[in-house]
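Thanks for sending this one over. Here are a few notes to read with the model open beside you.

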Amino acid sequence: MSNEANMPKVNEVEDYMKKLDHPFKAEIERLRNIILNANPKLEERVKWNAPSYYYVKDLAAFNLRAKGYVQVIFIFYDGNMIEDPSLLQGNWKDRREARFYSMVDIKAKQPALEQLVNNWVKLIEPNNN
């Protein structure tokens with residue numbers, strides 16, 4: 001007899017991705033992997049109807065309505081902004097976006113993306129440790 005309490009919870013993002021019909025699904029999966037592996041403190045969930053990432057506060061979320069590329073929106077708090085013109089676009093007061101056009105583009109931007117994630121975690125770290 002199976003005991004449901006001892007069974008692992010189904011990952012909501014994995015379920016979401018299994019059902020996702022998107023022309024850039026492979027690229028989204030690759031970006032998910034890069035973001036999650038960039039820093040072990042990050043967690044993933046479905047928020048704003050897309051995979052999103054957080055540690056203490058929300059870090060980023062995919063905008064799956066973008067056409068022609070994969071868009072990731074990065075969120076910044078308390079006037080703390082990371083500027084990286086090689087990766088981030090826009091000049092909103094509390095966010096920037098990154099666009100990824102292909103697997104080749106993702107590979108080229110991977111080091112900047114990993115650095116951005118780690119710099120963001122340092123910014124948001126309680127007591128800035």
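This is a predicted model: local features need pLDDT of at least 70, side-chain atom pairs count only at pLDDT 80 or more; totals for chains, interfaces and linings use all residues.

**Notes on the strands and the pocket**

1. Numbering runs from 1 along each chain as its sequence is written, and side-chain values use heavy atoms, without hydrogens and water.

2. Strands here are DSSP runs (E, at least two residues), numbered from the N terminus, and two of them pair if DSSP finds at least two bridges between them. E1 (residues 43-47) pairs with E2 in the antiparallel sense over five bridges. E2 and E3 also run antiparallel, joined by four bridges.

3. Do look at the turns. The hairpin of E1 and E2 has two residues between the strands, and Trp-48 takes a positive phi near 60° there. In the hairpin of E2 and E3, with one residue between the strands, Val-56 has a positive phi near 65°.

4. How much of E2 is covered? Five of the six residues in E2 (residues 50-55) are buried, meaning under 20% relative accessible area (1.4 Å probe, protein chains only).

5. Finally, the lining of the largest pocket includes Tyr-16, Trp-48 and Arg-65. Strands E3 (57-63) and E4 (70-75) each supply at least two lining residues. A pocket is an open set of points on a 1 Å grid where a 1.4 Å probe fits, with protein on both sides within 12 Å along at least five of seven lines; lining residues have an atom within 4 Å of a point.

Conventions:
Buried means under 20% relative accessible area, exposed over 50%, partly exposed in between (1.4 Å probe, protein chains only).
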